[in-house]
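Opening the notebook on a new model today.

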Amino acid sequence: MTHNGEETAPLTRPEVTELRLASGPDPLMPAHEPSELPQDRSQAILEATKAIGALLKRAGHPFALAGSVAVYAHGGSRYLQHDADFAILPDDAEAVAATLREAGLGVRTPPEDWLLKTTCHGQNIDIIFALAHQPVTRDMLDRAHVLPVDSVLMPVLSPTDLLRSLISAFSEHYCDFGSVLPVARAVREKVDWDTVRASCGDQPMPAAFLFLLERLNVIDPQEGQP
């Protein structure tokens, strides 16, 4: 999952009504799901990503790929072991849920009020409408880069928005620098670090991570600092 630090209005949960598990076979899933994970779990996640991305594109929903698959699309590691994340506008949550249901996919509403969940090809898919407790915005989606994701073109969060969302999520209760450090290394030359610093660098945990990146020579020190 990914989070951003844009200064926008507090998130108001969109009304997502009548969400239910789809009945009947899932047309985006094999008829017989394996009892064990595929030998190449990363490829299974990519196949699910392509299917959901193509579905959202056909329906005309604005979106951008986020999370580890977005990092992969920008040239990062292909080692994917969790899920695929798609960022959508809060006001589109109900329409996206309807599109997923029409495709035969089950849509679930978890206790967290900033995402929906579904499953495709046996892989978990998160449909996110808030990143780092801030709503996904039209400007963010407009800044997305259209990139091939294992041969399927789709919008992907810009490297700056991607890193900002990850770093902004750091807090006293969640501070996994180790998971974000390789991401920062992979896309560091594509990120506007001044923008990242301006949006979240005054918070203690993000500031500590940015300092770590400087000490590891991943990024240059902020201008005017030793």
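Is Asp150 buried, partly exposed or exposed? I looked it up in this predicted model: Asp150 comes out partly exposed, at a relative accessible area of 25%.

**Entry 1: the Lys50 pairs**

I started from Asp150 and checked its partner. Asp150 makes a salt bridge with Lys50, and the closest N and O atoms sit 3.3 Å apart. Asp150 is in the loop between strand 7 (145-149) and strand 8 (152-156) while Lys50 is in helix 1, so this pair ties together parts 100 residues apart in sequence.

Next I asked what else Lys50 pairs with. Its side chain also meets that of Glu47 in a salt bridge, 3.2 Å from N to O. Here both residues belong to helix 1, three residues apart, or about one turn of the helix.

Lys50 has 14% relative accessibility and counts as buried, because the cut-off is under 20%. Glu47 is partly exposed, with a relative accessible area of 32%.

**Entry 2: Asp161 and Arg143**

Another pair I looked up is Asp161 with Arg143, whose side chains meet in a salt bridge at 2.9 Å, N to O. Asp161 lies in helix 5 (residues 159-168) and Arg143 in the loop between helix 4 (138-142) and strand 7, so the pair links parts 18 residues apart in sequence. Asp161 is buried, at a relative accessible area of 1%. Arg143 is partly exposed, at 35%.

I get seven salt bridges in the structure.

**Entry 3: the core**

Which residues have the most contacts inside the largest nonpolar core? I find Phe86, Leu163, Ile167, Trp193 and Leu213, in a core of 67 residues. Helix 1 gives the largest share of this core, seven residues. The general expectation is that in soluble globular proteins nonpolar side chains tend to be buried together.

Leaving out residues up to four places away in sequence, Trp193 touches Leu163, Ile167, Ala184, Arg188, Leu210, Leu213 and Ile219.

**Entry 4: helix 3**

How many of the 10 residues of helix 3 are buried? I count seven in this helix, residues 93-102, and it is mostly covered. The buried ones are Ala93, Val96, Ala97, Ala98, Thr99, Leu100 and Arg101.

What do they pack against? I see helix 1 (41-59), strand 2 (84-88), strand 3 (115-120) and strand 4 (123-128). I also checked the backbone just after helix 3, where Gly104 takes a positive phi of about 90 degrees.

**Entry 5: whole-protein numbers**

Last, some totals to keep on file. The protein has eight helices and eight strands. Of its 226 residues, 51% are buried. Among contacts with a separation of 6 or more, 72% are between residues 24 or more positions apart. The accessible surface comes to about 11,300 Å², and carbon and sulfur atoms hold 50% of it.

Conventions. Residues numbered from 1 in each chain as written. Predicted model: local features only at pLDDT ≥ 70, side-chain atom pairs only at ≥ 80, totals over all residues. Heavy atoms only, no water. Buried < 20%, exposed > 50% of the residue type's maximum accessible area, 1.4 Å probe, protein only. Helix = DSSP H or I, 4+ residues; strand = E, 2+ residues; numbered from the N terminus. Contact = heavy atoms within 4.5 Å. Core = buried A, V, L, I, M, F, W, Y, C linked by side-chain atoms within 4.5 Å. Salt bridge = Lys/Arg side-chain N within 4 Å of Asp/Glu carboxyl O. Areas by Shrake-Rupley, 256 points an atom, 1.4 Å probe, with all protein chains shown as cover.
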